[in-house]
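Subject: Structure for you to look at

Hi,

Here is the structure I promised to pass on. Please open it alongside this message, and my notes follow below.

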Amino acid sequence: MKKIFVMLAAAACSLAAMATDYTGKLTVNVNDVVSEMETTISVDESAGVCNFDLKNFVLVAEDGNKMGVGNISLHNLAGNTAYGFTNIKFNDKVVITEGDLEEVDFWMGPILGEVPVVLNADFNAQALSVNIDIDMMDTLEQVIKVNFVGTAPAVPGLKGDVNGDGTVDVSDVTTVINVMLGGK
């Protein structure tokens, strides 16, 4: 019997630590040249500790050519929750690792060594907003500003999600009232 409870507790913990994938528009400004692309960023939180993963970060030139940068992974960040959002911050150097997209032949991040990254992100179960500043003036004469706004997929079967839109909000209350009054 004890083993069953331990297995259930382990399963619950593993579910709680699963990453949420947010898909949206990534805007990159390099020395006032702006490019945009769709991408996915993963964030997971467990007991106030957060992990942030931007995988396969690619810069797109004005002519459409892609320059692979790599993966920016920041782990064990303190999360501060207020007003329904968790905020994470990072201000240190990080090594950008090689991505795994087949269409990118060369990943620049690993050859750069430690890169100064300043991250400020706010997220909840439905949305993520990220600002990243990478000051490479000393080595590449570039300042890279990255902004991302994305959403998570709707969560099916969310408790209280009466209308099935993946969120619990006033529209669910409206749905219940309409059903009670004989409407749709």
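Let me start at N124, which sits in the loop between β6 (114-123) and β7 (127-136). Helices (H or I, at least four residues) and strands (E, at least two) are DSSP runs, numbered from the N terminus. Before going further, please note that this is a predicted model: local features need pLDDT of at least 70, side-chain atom pairs count only at pLDDT 80 or more, and totals for chains, interfaces and linings use all residues. Residues are numbered from 1 along each chain as its sequence is written, and side-chain values use heavy atoms, with hydrogens and water left out.

N124 counts as buried because its relative accessibility is 17%; buried means under 20% relative accessible area, exposed over 50%, and partly exposed in between (1.4 Å probe, protein chains only). The side chain of N124 reaches the backbone nitrogen of Q126 at 2.9 Å. If you set aside neighbours within four places in sequence, N124 is in contact (heavy atoms within 4.5 Å) with Y22, G84 and F85.

**The chain as a whole**

There are two helices and eight strands, and from the N terminus on they run α-β-β-β-β-β-β-β-β-α. The chain has 184 residues, of which 33% count as buried. Take the contacts between residues at least 6 apart in sequence: 47% of them join residues at least 24 apart. The accessible surface (Shrake-Rupley method, 1.4 Å probe; for residues, only the protein chains shown count as cover) comes to about 11600 Å², and 58% of that belongs to carbon and sulfur atoms.

In soluble globular proteins, nonpolar side chains tend to be buried together. Here the largest nonpolar core has 34 residues, and V28, F52, F57, L119, L128, V130 and I132 have the most contacts inside it. At least two residues of this core come from each of β1 (20-30), β2 (33-46), β3 (49-60), β4 (66-82), β5 (85-95), β6, β7 and β8 (142-151). By a nonpolar core I mean a set of buried Ala, Val, Leu, Ile, Met, Phe, Trp, Tyr and Cys residues joined through side-chain atoms within 4.5 Å.

**A patch on the surface**

V170, V173, I177 and L181 make a nonpolar surface patch of about 410 Å². V170 belongs to helix α2 (residues 170-180) and counts as exposed because its relative accessibility is 63%.

**Backbone angles and one more loop**

Most residues other than glycine have a negative phi. A47, however, has a positive phi of about 55 degrees; A47 is in the loop between β2 and β3 and is exposed, at 83% relative accessible area. N76 also has a positive phi, near 60 degrees. This residue, N76, lies in strand β4 and is exposed at 63% relative accessibility.

Lastly, T139 is in the loop between β7 and β8, exposed with a relative accessible area of 61%. T139 and V115 are 24 residues apart in sequence, and their C-alpha atoms are 9.9 Å apart in space.

Happy browsing, and best wishes

Terms used:
Polar contact = N/O pair within 3.5 Å; in protein donor to acceptor, adjacent residues only side chain to side chain. Patch = residues over 30% accessible without salt bridge, like charges linked within 9 Å, V, L, I, M, F, W, Y side chains within 5 Å. Salt bridge = Lys/Arg side-chain N within 4 Å of Asp/Glu carboxyl O.
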